[in-house]
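Hi,

Here is the structure I promised to pass on. Have a look at it first, and then read my notes below.

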Amino acid sequence: TALVGLFLAPGNIDVLTAFVAITCIALGAGGAGVLNMWYDRDIDRTMARTSARPIPAGRMNPRAALLFGSVLAVASIGAMAVFVNVVAAALLAATFVYYVLIYTIWLKRRTPQNIVIGGASGALPPVVGWAAVTGGVDAGALALFAIIFLWTPPHSWALALFRRDDYARARVPMLPVVAGDRATRNQILVYSLLLVPASLAPVAIGLSGVLYGVAASVLGCLFVRHAVRVWRDETDASARPMFGFSILYLFLIFAFLLADALVPISY
């Protein structure tokens with residue numbers, strides 16, 4: 001998503017600087033993931049989905065993980081500031097701090113809205129990529145942000161529906177654990193319906209054209225179809241397919257954003 005943000009941003013950036021920017025974003029994301037797993041190592045041991053991660057499985061020393069993640073974060077943000085620009089570095093730092101401090105340490109174990117509020121960190125990479133080119137943030141970057149931000153709750157809550165026992169055992173207050181399955185299904189449907197117009201915002205502001213517009217409309221209909229199935233279903237049978245499709249959906253949305261820019265089609 002950061003690469004697409006960088007590619008769609010107005011302006012020019014040389015290949016080497018673009019490569020450095022994407023590498024820094026990748027390393028920063030990696031560092032955030034490491035510190036997330038360092039902090040969550042206690043609950044990761046109790047959850048079947050996460051028990052095989054390197055720290056709970058005993059393949060990595062927690063102190064080594066803390067040092068590794070910290071070095072990745074500092075190096076990536078520093079390199080972004082020196083070789084790209086300060087705005088992109090500040091946004092990368094904000095992404096890291098938001099994910100590690102606000103989501104992982106503060107929100108995740110305290111509120112069922114952890115995914116909604118914390119989702120901003122996962123939505124920032126295309127904004128960082130955009131800022132690497134422009135040195136700022138405008139409507140195009142915010143449109144890309146909104147797509148991922150609204151996609152995150154239905155994606156994560158679909159997972160939580162069929163993994164609720166894991167979260168309950170770890171005492172993580174995911175929505176199905178705290179508010180129940182019906183409230184979760186309602187929220188999945190609401191966010192899915194909001195996602196469709198948000199996914200068409202790039203067309204409305206002139207960032208993308210017909211190819212992307214058609215693809216986003218079809219993918220949006222399919223996404224809502226999955227959400228309706230989850231909403232109607234009283235079991236977890238439809239949640240797993242929706243989770244799988246949501247991953248494909250985000251990949252295809254950003255792939256078509258890129259394809260539309262490479263193969264423009266006139267109205």
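Some housekeeping before the rest. This is a predicted model, in which local features need pLDDT of at least 70 and side-chain atom pairs count only at pLDDT 80 or more, while totals for chains, interfaces and linings use all residues. Residues are numbered from 1 along each chain as its sequence is written, and side-chain values use heavy atoms, with hydrogens and water left out.

**The whole chain**

The secondary structure comes to 14 helices and 0 strands. Helices (H or I, at least four residues) and strands (E, at least two) are DSSP runs, numbered from the N terminus. The radius of gyration is 19 Å, close to the 18 Å that the globule rule gives for 267 residues, so the chain is as compact as a globular protein of that length. That radius is taken over C-alpha atoms, and the globule rule is 2.2 Å times the number of residues to the power 0.38. Taken along the principal axes, the C-alpha atoms fill a box of roughly 50 × 45 × 25 Å.

Of the 267 residues, 49% count as buried. Here buried means under 20% relative accessible area, exposed means over 50%, and partly exposed is in between (1.4 Å probe, protein chains only). The accessible surface of the chain comes to about 12100 Å², and 69% of that belongs to carbon and sulfur atoms; the areas come from the Shrake-Rupley method with a 1.4 Å probe, and for residues only the protein chains shown count as cover.

As for contacts (heavy atoms within 4.5 Å), take those between residues at least 6 apart in sequence: 72% of them join residues at least 24 apart.

**The cores**

The largest nonpolar core has 68 residues, and those with the most contacts inside it include Met80, Trp157 and Phe254. Helix H8 (residues 139–162) gives the largest share of this core, 12 residues. Apart from it lies another core, of 5 residues, among them Ala32, Leu35, Ala73 and Phe96. By nonpolar core I mean a set of buried Ala, Val, Leu, Ile, Met, Phe, Trp, Tyr and Cys residues joined through side-chain atoms within 4.5 Å. In soluble globular proteins, nonpolar side chains tend to be buried together.

Leaving out residues up to four places away in sequence, methionine 80 touches Ala21, Cys24, Ile25, Asn85, Ala88, Ala89, Leu92 and Val128.

Back to isoleucine 148, as promised: at 3% relative accessibility, it counts as buried. Not counting residues up to four places away in sequence, isoleucine 148 touches Thr1, Gly122, Ala123, Pro126, Leu250 and Phe254. Arginine 109 is 39 residues from isoleucine 148 in sequence and 22 Å from it in space, C-alpha to C-alpha.

**Charged residues, inside and out**

Are lysine 108 and aspartate 44 buried or exposed? Lysine 108 counts as buried, at 12% relative accessibility, and aspartate 44 is buried too, with a relative accessible area of 1%.

Lysine 108 lies in the loop between helix H5 (86–107) and helix H6 (114–123). Its contacts, without residues up to four places away in sequence, include Asn36, Asp40, Tyr103 and Pro173. Aspartate 44 belongs to helix H3 (residues 41–44), and beyond its neighbours within four places in sequence it is in contact with Met37, Thr50, Ser51, Arg53 and Pro56.

Arginine 171 is exposed, with a relative accessible area of 73%. You'll find arginine 171 in the loop between helix H9 (164–170) and helix H10 (175–178). Its phi is near 60 degrees, a positive value in a residue other than glycine.

Aspartate 165 lies in helix H9 and is exposed, with a relative accessible area of 55%. Its C-alpha atom and that of valine 177, 12 residues apart along the chain, are separated by 8.1 Å.

**One last residue**

Alanine 201 lies in helix H12 (residues 201–204) and counts as partly exposed, at 23% relative accessibility. Alanine 201 and leucine 142 are 59 residues apart along the chain, with their C-alpha atoms separated by 9.6 Å.

Cheers
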